[in-house]
Amino acid sequence: EETRDPALPDGLAGARFIDDIQLAYWPAAAIRAALPAGWAVEDLPLRRILIEGGEATVEVRYSQTPRWLGQIEIRHLRAGYRLTIDSAALQ
C-alpha cells in the first residue's frame with residue numbers, strides 16, 4: 001500500500017517519484033522487461049515514452065546526450081504533473 005507524504009499535493013506519493021527516476025535513467029531494455037502486458041516503451045535519442053494500450057501515459061524529454069547530464073522533463077499525461085530534473089557533471 002502506498003502512503004502519501006502530507007507535504008505533497010493529493011494524488012502524488014513519494015514512491016511515484018522513484019518510478020519517475022527509474023523511467024528516466026534505467027536502460028530501456030530493463031524497463032521493457034519489467035512492464036506488464038499491454039505496456040510498451042518507445043526509446044528515442046532525446047525522448048522516451050511510456051505507452052499503455054497504444055496511449056502515451058508518460059513522456060520523458062532529455063536536453064542532451066549523455067542523457068544523465070542537462071535537464072530531464074518527465075510529463076505525466078494522465079496524472080497531470082511534470083517533474084524537472086537538472087543535472088550537472090561533478091567538477
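Strands are taken as DSSP runs of E spanning at least two residues and are numbered from the N terminus, and two strands are said to pair if DSSP finds at least two bridges between them. The model described here is predicted, so that local features need pLDDT of at least 70 and side-chain atom pairs count only at pLDDT 80 or more, whereas totals for chains, interfaces and linings use all residues. Residues are numbered from 1 along each chain as its sequence is written, and side-chain values rest on heavy atoms, with hydrogens and water left out.

Strand β1 (residues 39-44) pairs with strand β2 (residues 47-52) in the antiparallel sense over six bridges, and the two form a hairpin with two residues between them; within this pairing, Asp43 stands opposite Arg48 of β2. Strand β2 also pairs in the antiparallel sense with strand β3 (residues 55-62), again over six bridges, with Glu59 in β3 as the bridge partner of Ile49. The hairpin of β2 and β3 likewise has two residues between its strands, and Gly53 takes a positive phi near 55 degrees there.

Thr57, which is placed in strand β3, has a relative accessible area of 4% and is therefore buried (under 20%, with a 1.4 Å probe and protein chains only; exposed means over 50%, and partly exposed lies in between). Leaving aside residues up to four places away in sequence, Thr57 touches, among others, Trp39, Leu50, Arg75 and His76, contact meaning heavy atoms within 4.5 Å. Trp68, by contrast, lies in the loop between β3 and β4 (70-76) and is exposed, because its relative accessible area is 55%.

Terms used
Helix = DSSP H or I, 4+ residues; strand = E, 2+ residues; numbered from the N terminus.
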